[in-house]
Amino acid sequence: MPLEPVRFMVLGAVRVRRGEAELDTGGPQERAFLALLLVRAGQPVAVSDIVDVLWDADPPRSAVNVVRRHVGSLRRLLEPGLPARAEGHWLVRDAGGYRLVTDGDNSDLLRFRALREEARHTAGTAPARAVELLTEALSLWRGPLAAGIPAHARTHPAFDTVARERLTAAREAAEAALRTGLPDAVLPHLRRAAAEHPLDEPVHAALVRLLAAAGHRTEAAAAYDAVRARLAEELGIDPGPELRDAHETVLRRRPSPDRPETAPPYLVPGQLPYDLPAFIGRRAELDEVLALFGTEPARSPGTVVIGAVGGMAGVGKTTLAVHWAHRIADRFPDGQLYVNLRGFDPSGAALEPGEVVRGFLDALGVPPERVPHGLDAQAALYRSALAGRRVLVVLDNARDTDQIRPLLPGSPGCLTIITSRDDLTGLIAAHGARSLTLRPFDADQTRAFLVRRLGAERVAAEPRAADEIGALCAGLPLALACVAARAAVHPHFPLTAIAAELRTAHGSLDAFARADASVDVGTVFSWSTDAVSPQAARLFRLLALHPGPDFTLPAAAALAGLPVRATRPLLAELIGLHLVTEHSPARHAFHDLLRAHAGELLDEHESEGERRAALDRLHHHYLHTAHTADRLLAPNADPLPPPPAPEGARPEELTDDDRALAWLTAEHTVLLSVVDAAAASGGPEQERLACHLAWSLEPFFDRRGHWHDGLAAQRTALDAARRLADPVLIARGLRGLARVEGRLGLHERAVPRLEQALALFTELGDDTGRANTHRSLGWESEQTGDLPGALRHNQLALGLFRTLGDRAAQASVLNSVGWYHALLGEYRQALRHCFEALTMLQDLGDRYGQAATWDSIAYAHHHLGRHPHALLGYRNALVLMRELGVPYSEAAILVHVGDTHLAMGDEPAARTAWEEALTLLNTLRHPDAQRVAARLAGSEGRAGAS
């Protein structure tokens, strides 16, 4: 009979369960060993780290043998009956140490991290759901991390890193709870975190704010007084600015229990990439930058440059910057922004400053319709959004000063960390930036690196070979990581043999060589690629064709023309040798140097035809998946069927609109790159593909408000259509560009384009194209106040759709016709059209269309005086909008709910609805918040007069 599943717990006491039975984890040393494996979460743990955790003072000479005994004991515990010296399934030898096989199903730590990651992705669209996810994540903590192991063991950095994750999650949960007006959901977790960390100011500040938001003003004031006294008594310091600000919030808050907390009018981004679990070397450099930063953000230098002078590729600039950022992230409670500027990307596709600014504004919660035109205006809004806040900004891999100047905050409480191969002298001169030059590792640092990766025993046994490996890698951490990975995969290979292999390999990366470079770095990479299977080496070469900043396993499979199942082990080979990294869950990338090396190998080994075929498969993978997503998000739209996909180009399976939205969100940047790359290829098939892909993205850009990105994609598509001289594509390109221009308020451009498109569709005899263009002209008429014109265009569209027999489009336009009747005061006609639309939309399963139609129905009922019917309609619309995660539409409906309650004479209920709407609009930083605030102020005036 197979054994029951094993579950590991480290968020509290260290425990292991098989089914419902709890296993005996042994004495303090055994528990400490297991705890270290668990906090490393499926990553290899070096023997030297295990020794550090097991012994407080100098370890005995038999330390390594004791570790091996603990390994054997743990293997037998997890797999009873395992033969002696057998490795088994759970505890495996890896990278000169040991790795415990864990995943999100059997590890409470990995489950905690998965919930946090899901909450980050959900926060922008469904903030209440983000609170639920973070609360569930914090509920996994049953006490202090690894409770019950010796105190000296918990001083290891691995435990400190995970403990800080709990505190960060608690602060994230507090911020999310404040934004959604749900402070009580998170208070128990904040109370526990504060009790276990009595001197952590950010956690106590979050607790004070939550208590105040929940109406517990007395307890909030007492909590502040208690932590202030502890800080004075134990550390001899006063509370910092964040804690003082929280206390001022308590003092300013009106003691009105029926007034929920207004959420802060911004989001708190957390964009830092993963930190290395074992940061090696660079202690002097890290001390230097921490000294530059100091202890008070407001007094820190406004901009600090890392690797600005003499920092060659592969020297570890990003690693140091990200590690430093994680070390000080808790001093920036208003969030962390990160971007890879791709300044030296071998494809030449460096990010434009405007694209980055818009991404940052989106991360900060600025609604797209508030983003102005032009880089200068956008950069000014970005600086305004950061004014008075403490945000950490990491600008990685900058090309030059011009690229980063618009991205610099103006607030003295912010810190900017920049990495670049350029010396950025203009930034240093004009902005007072501090620079730090990173040099390759010296001999001692190289030896420490190899010891950490391969174990002290192995390096000590062959010190000369280890030194030769370091010299052949010129002390470059990237090259050393590749070599160490190769050696760790083959623990029985002598280091002398590995050094000899490296010495006889050959390669070239002349384009990245610096004048003082003492090694051909391509040698190391060629040696690494020679060590993988031929199929994995081919995949490595083909990945150089990918135009985006990162890629997924299905995209890699499309490039290789292989099934996902066959591609997975090939990608694992590349990851195992550090040729590719998984920088976030299921998303992979590789360093610029490795990308350049892959490109050189591609030119050497793959013919032009093979390269074109691989790119064609990749582009079709994205196009066909995006087309499926388009049909799920907008079933009433009329996208052109995409051209047939070549063999080996398999789209991802998207089963519903939630999955479609999640895929489009994750691939957003990549898809834009594919549109540009396909349009720039010069071939008619690829230009046609760019048009199809841009139009497939239209519903996503519209629903999420990414209208500036949509504008760029639609311009690219229209330009490609004109080069192809295809009237069908030109008509669609005109309409697509006009729609996004209308969303951005450029009506003087949009209307003429739509009229041109309508004329072309008429000449082509395309009634579907005509109908959809009439709908767009109707929307434009509404924006300019021409309601009869809006109704007329939609009636024309309805007639065409009925002739065509397109039920999905009929259902959608029926609601539009009903809505314009309602706006014109023709409420009974509005209800007739909307109820007909609702029946069809329910049959079609179109939830978004149903929500919009319930809103129209409720609006008509309200104006007919049927207020209970109106409330029922609005509630139905709210349920659907919340399921779909459309916060702006949810807020608009809540405003209508408040209006209906007010019309019924129930002013308290009206205020409650308006306050919920205001919370959502403040979170979105939407200008409609002022209108709702005015409603609330007017309500207060009426209450005062009474």
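How many aromatic pairs does the structure hold? The model under review is predicted, and it holds seven aromatic pairs.

1. One of these pairs joins Phe-8 and Trp-90: the ring centres are 5.5 Å apart and the planes stand at 75°, so the arrangement is edge-to-face. Phe-8 lies in strand β1 (residues 6-9) and Trp-90 in the loop between α3 (63-78) and β5, so that distant parts of the chain, 82 residues apart, are linked. Phe-8 is buried at a relative accessible area of 1%, and Trp-90 is buried at 14%.

2. A further edge-to-face pair is formed by Phe-112 and Trp-141, with ring centres 5.7 Å apart and planes at 80°. Phe-112 belongs to helix α4 (residues 108-122), whereas Trp-141 is in the loop between α5 (127-139) and α6 (157-180), 29 residues apart. Both count as buried: Phe-112 has 0% relative accessibility and Trp-141 has 5%.

3. An open, antiparallel sheet of three strands runs in the order β4-β6-β5. Its edge strands are β4 (45-46) and β5 (91-94). Four bridges connect β5 with β6 (residues 97-100), and Leu-91 stands opposite Leu-100 in β6. Helix α1 (residues 28-39) packs on the sheet, touching β4, β5 and β6, and its direction makes about 75° with that of β6.

4. Two arginines place their charged ends over aromatic rings: Arg-93 over Tyr-98, 4.9 Å from the ring centre, and Arg-743 over Trp-779, 4.4 Å from the ring centre.

5. His-624, in helix α27 (residues 608-633), is buried, with a relative accessible area of 15%. Beyond its neighbours within four places in sequence, His-624 contacts Pro-642, Pro-643, Pro-644, Ala-645 and Pro-651.

Methods:
Residues are numbered from 1 along each chain as its sequence is written. This is a predicted model: local features need pLDDT of at least 70, side-chain atom pairs count only at pLDDT 80 or more; totals for chains, interfaces and linings use all residues. Side-chain values use heavy atoms; hydrogens and water are left out. Two strands pair if DSSP finds at least two bridges between them. Helices (H or I, at least four residues) and strands (E, at least two) are DSSP runs, numbered from the N terminus. Contact means heavy atoms within 4.5 Å. Axes are lines fitted to C-alpha atoms, for helices over the stretch in contact, and angles run from 0 to 180 degrees between N-to-C directions. Buried means under 20% relative accessible area, exposed over 50%, partly exposed in between (1.4 Å probe, protein chains only). Rings of Phe, Tyr and Trp (its six-membered ring) pair if their centres lie within 6.5 Å; planes under 30 degrees apart count as stacked, over 60 as edge-to-face and the rest as tilted. A charge sits over a ring if NZ of Lys or CZ of Arg is within 6 Å of the ring centre and within 35 degrees of the ring normal.
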